[in-house]
Amino acid sequence: MMTSVLRPGGDLSLEYPLVFDEGGPGALLALTEGEEVLSACAVLERELIYPGGRARAGFIGSVATRADARGRGCATQLLSEVERLLKGHGCEHALLWADDPNFYQRRGYRLDGRETDYLVSEIPSTELDPSLNVRSLLSGDEDRLHELYTRHGARVGRSAQETARLLVCPEMKVLIATRGEQIEAYACFGRGADLAGVVHEWGGSPEGVLSCLDALLEQADSLFLMAPGAAGPMGELLEACGAIRAEGRLGMVKPLGAVGGLPEGAFVWGLDSI
Ligand SMILES: CC(C)(COP(=O)(O)OP(=O)(O)OC[C@H]1O[C@@H](n2cnc3c(N)ncnc32)[C@H](O)[C@@H]1OP(=O)(O)O)[C@@H](O)C(=O)NCCC(=O)NCCS
């Protein structure tokens, strides 16, 4: 039902393995009438790690109600059940990405999180480090990439096994920048309809990421790179390359307890968004 509503003719489960894989860390929750699923969504409980703290949050995604059951309060009821469940599990916030923010705003969510996007169409050769090489992901790279991911001061917490699972999503290209034998950086490009044409995760040295982007630009006229609110040296390097920069809100948040809003900088992009 979720695929038929959200990816007609496609397969949503290939894009979001952490919630659709059997035995994965996420869950699918459904509102049913008899045997029929009327409304469903995906849920993934995660720890947000940010400079100075951690917060437990529940990501809600892929909310869908069967076309013939809409306008009866199904999604509203499902959401409040999910929020109750998350709160019971100690989550302080519910987080989501919305196609229609108004629907969620009326249910207590507000825009939150900072995201900086760059539109990159060319990388001057003068900005490239000639001692770096770029190749595709190889089996055995996963632990090093996970280690580079954990160097981000603000990130969504996840295990090395989860990183390894996410790295092999179909339709996602993972490029690796090496210096000699050492992996120095990586960039993940594309994944399903939500992230087509987007570099949505990267890690390691900004110079290495830039080399990966340069390789990706051999097959694309331009690409988007998502960065956390404070893009730091990566952002500076992209701006030196003439990339166009835009800032916005990342998603929507609803506090589930007495804690209030998320601390600034806690809600950032991450490969395992659902
Ligand atoms: C968005 C979506 C999930 C909403 O599902 P839904 O079950 O129809 O949602 P609800 O019935 O709870 O609420 C929708 C509207 O129905 C009306 N409604 C809600 N409860 C009602 C009730 N008991 N009686 C009559 N009308 C009701 C309200 O007008 C409500 O709109 P509101 O935001 O102004 O309050 C559904 O339209 C959908 O699957 N869309 C396609 C996929 C999609 O866009 N998903 C969101 C991804 S971010």
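Q: How do the axes of helix α6 (residues 142-149) and helix α7 (residues 160-167) cross, and why are the two helices called roughly perpendicular?
A: The axes of α6 and α7 come within 9 Å and cross at roughly 110°. Axes are lines fitted to C-alpha atoms, for helices over the stretch in contact, with angles from 0 to 180 degrees between N-to-C directions. Angles under 35 degrees count as roughly parallel, over 145 as roughly antiparallel, 65 to 115 as roughly perpendicular and the rest as oblique. α6 and α7 are therefore roughly perpendicular to each other.

The model is predicted: local features need pLDDT of at least 70 and side-chain atom pairs count only at pLDDT 80 or more, while totals for chains, interfaces and linings use all residues. Residues are numbered from 1 along each chain as its sequence is written.

Q: Which residues make the contact between α6 and α7?
A: From α6 they are E142, D143, L145, H146 and Y149, and from α7 A160, T163, A164 and L167 (in contact: C-beta atoms, placed from the backbone, within 7 Å). By class, this contact has five nonpolar, two polar and two charged residues (nonpolar: Ala, Val, Leu, Ile, Met, Phe, Trp, Tyr, Cys and Pro; charged: Asp, Glu, Lys and Arg; polar: the others, Gly among them).

Q: What makes α8 and α9 oblique to each other?
A: The axes of α8 (residues 206-216) and α9 (residues 232-240) come within 9 Å and cross at roughly 45°. α8 and α9 are therefore oblique. P206, V209 and L210 in α8 meet P233, M234 and L237 in α9. The residues of this contact divide into six nonpolar, no polar and no charged.

Q: Which residues come nearest to the ligand, and which elements each supply at least two residues of its shell?
A: Of the 17 residues around the ligand, T65, R70, G73, A75 and T76 come nearest (near: C-beta atom, placed from the backbone, within 6 Å). The elements are α1 (2-6), β3 (53-65) and α4 (74-88). By class, the shell has eight nonpolar, five polar and four charged residues.

Q: How many helices and strands are there in the protein chain, and why is the chain called as compact as a globular protein of its length?
A: There are nine helices and twelve strands (DSSP runs numbered from the N terminus: helices H or I, at least four residues; strands E, at least two). The radius of gyration is 19 Å, close to the 19 Å that the globule rule gives for 274 residues, so the chain is as compact as a globular protein of that length. The radius is taken over C-alpha atoms, and the rule is 2.2 Å times the number of residues to the power 0.38.

Methods:
Contact = placed C-beta atoms within 7 Å.
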